[in-house]
Amino acid sequence: MNTAASNAISDLHVCFYGAGSMSEAILRGMLQKKLLAPQRVSMLNRSGGERLAELKRLYNVTTLLDGGSKEELLRGADIIFLAMKPKDAAEALTQLNGLLSPGTLIISVIAGLSIETMAFLLGASQPIVRCMPNTSSTIGLGATGISYSAAVSQEQREITETIFSSFGIHAVVEEKLQGAITGLSGSGPAYVYYFMEAMIDAASQLGIERETAHRLILQTVTGAAEMVRLTGEKPEELRRKVTSPGGTTQAAIEVLSDGDWSGTFIKAMFRAAERADEMGRDIERSVSK
Ligand SMILES: NC(=O)C1=CN([C@@H]2O[C@H](COP(=O)(O)OP(=O)(O)OC[C@H]3O[C@@H](n4cnc5c(N)ncnc54)[C@H](OP(=O)(O)O)[C@@H]3O)[C@@H](O)[C@H]2O)C=CC1
Ligand SMILES: O=C(O)[C@@H]1CCC=N1
């Protein structure tokens, strides 16, 4: 933990512009690591109501329900997390016009949205961070790709990385790789769930109760990931150790290989990366109309 950055964060005001699952995951990490007091956090959404009441009850943060206006909450923030769906981003960013100080740090988690488009909508000199976290941030096991605009100061970089370290690991990458990061670790948890769903279906068809299959597969996936982490061995080495010549694993992997599982998987990740860039271009088009 970077102590100077942690101390600096505790004096800041942070506003979550968008109060959905990603904002909540980030907020929870920051509060659990005591990076700042809940009174220094505000959260706003579009529809107000029940969701904001829930966040207030769970985390004691300030919301629109406390009486302040959206503009006041945004204007008072040193850091604004942009965390709405890509389709809502252009309108939300436009509403920030005139509310920001030159040093207000914008941290976006919006898939596809480029720093250039954000700078265009906000005014070019704003310090902007483009990030791609994932939902495992909710339990402190997130993996985030981070890219900075030129206006982000060294202190703001340290603050950003301290925040993302509070709920997982991060890698600083060139912005052109953010689409690939989205296809890798942003969407990645869903690939693992999809794979687990298929294993549960197969186990059920083999006669194992779904509940039992669920327990065994969960432990298998957790155990396999922990083996990679704790032994430091490469996945291919660990796979080789499971695969006895002429045995069951080899038989199964031959079926996967005949179905070009690896090629299909590579295509899927390329498609996710391409889709992130397409989503960014859709936002750009909506801005230039
Ligand atoms: N889910 C994931 O796995 C990941 C998502 N992301 C990115 O995170 C972003 C948010 O995703 P997620 O948290 O899942 O989305 P959610 O749908 O859970 O939350 C979106 C939030 O944005 C609010 N919102 C929308 N428009 C406005 C507006 N104009 N002003 C204020 N608030 C607004 C919504 O309010 P209301 O409900 O009232 O409309 C809602 O609170 C997306 O851009 C996504 O690409 C990044 C990494 C992983
Ligand atoms: O599916 C999506 O578009 C978002 C980005 C990464 C994970 N969820």
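In which loop is Asp260 found? Asp260 sits in the loop between helix H12 (248–258) and helix H13 (261–288), where helices (H or I, at least four residues) and strands (E, at least two) are DSSP runs, numbered from the N terminus. This is a predicted model, in which local features need pLDDT of at least 70 and side-chain atom pairs count only at pLDDT 80 or more, while totals for chains, interfaces and linings use all residues. Residues are numbered from 1 along each chain as its sequence is written, and chains are lettered from A and ligands numbered from 1 in the order in which they are written.

The phi angle of Asp260 is near 50 degrees, a positive value in a residue other than glycine. Most residues other than glycine have a negative phi. Asp260 counts as exposed because it has 11 C-beta neighbours inside 10 Å; here a residue is buried if 20 or more other C-beta atoms lie within 10 Å of its own, exposed if 12 or fewer, and partly exposed in between, with C-beta atoms placed from the backbone. Lys34 also has a positive phi, near 55 degrees, and its place is in the loop between H2 and strand E2 (41–44). With 11 other C-beta atoms within 10 Å, Lys34 is exposed.

Taken as a whole, the protein has 13 helices and eight strands, and its C-alpha atoms fill a box of roughly 70 × 40 × 35 Å along the principal axes. Buried residues make up 35% of its 289 residues. Among contacts between residues at least 6 apart in sequence, 67% join residues at least 24 apart, a contact being a pair of residues whose C-beta atoms, placed from the backbone, lie within 7 Å.

Which residues touch the most other members of the largest nonpolar core? In this core of 60 residues, they are Tyr17, Ile80, Phe81, Leu82 and Ile106; the term denotes a set of buried Ala, Val, Leu, Ile, Met, Phe, Trp, Tyr and Cys residues joined through C-beta atoms within 7 Å. In soluble globular proteins, nonpolar side chains tend to be buried together. If neighbours within four places in sequence are left aside, Leu82 is in contact with Tyr17, Gly18, Ala89, Ile106, Ile107, Ser108, Val109 and Ile110.

Ala19 has its place in the loop between strand E1 (14–17) and H2, and it counts as buried because 26 C-beta neighbours lie inside 10 Å. Beyond four places in sequence, Ala19 is in contact with Met43, Leu44, Asn45, Arg51, Leu52 and Leu55.

The ligands come next. Of the 26 residues around ligand 1, those that come nearest are Gly18, Gly20, Asn45, Ser47 and Ala111, a residue being counted if its C-beta atom, placed from the backbone, lies within 6 Å of the molecule. Helix H2 (21–32) and helix H5 (86–94) are the elements that give two or more residues to this shell, and H5 gives the most, with four residues. By class, the shell around ligand 1 has 13 nonpolar, nine polar and four charged residues, where Ala, Val, Leu, Ile, Met, Phe, Trp, Tyr, Cys and Pro count as nonpolar, Asp, Glu, Lys and Arg as charged, and the others, Gly among them, as polar. Around ligand 2 are Ala111, Thr182, Gly186 and Ser187, which by class give one nonpolar, three polar and no charged residues.

Two further loops complete the tour. Glu175 is found between strand E8 (168–172) and helix H8 (178–186), and it is partly exposed, with 16 other C-beta atoms within 10 Å. The C-alpha atoms of Glu175 and Ile146, 29 residues apart along the chain, are separated by 7.9 Å. Ile208 lies in the loop between helix H9 (188–205) and helix H10 (210–231), and counts as partly exposed with 15 C-beta neighbours inside 10 Å. Ile208 and Gln156 are 52 residues apart in sequence and 52 Å apart in space, C-alpha to C-alpha.

Technical notes. Contact = placed C-beta atoms within 7 Å.
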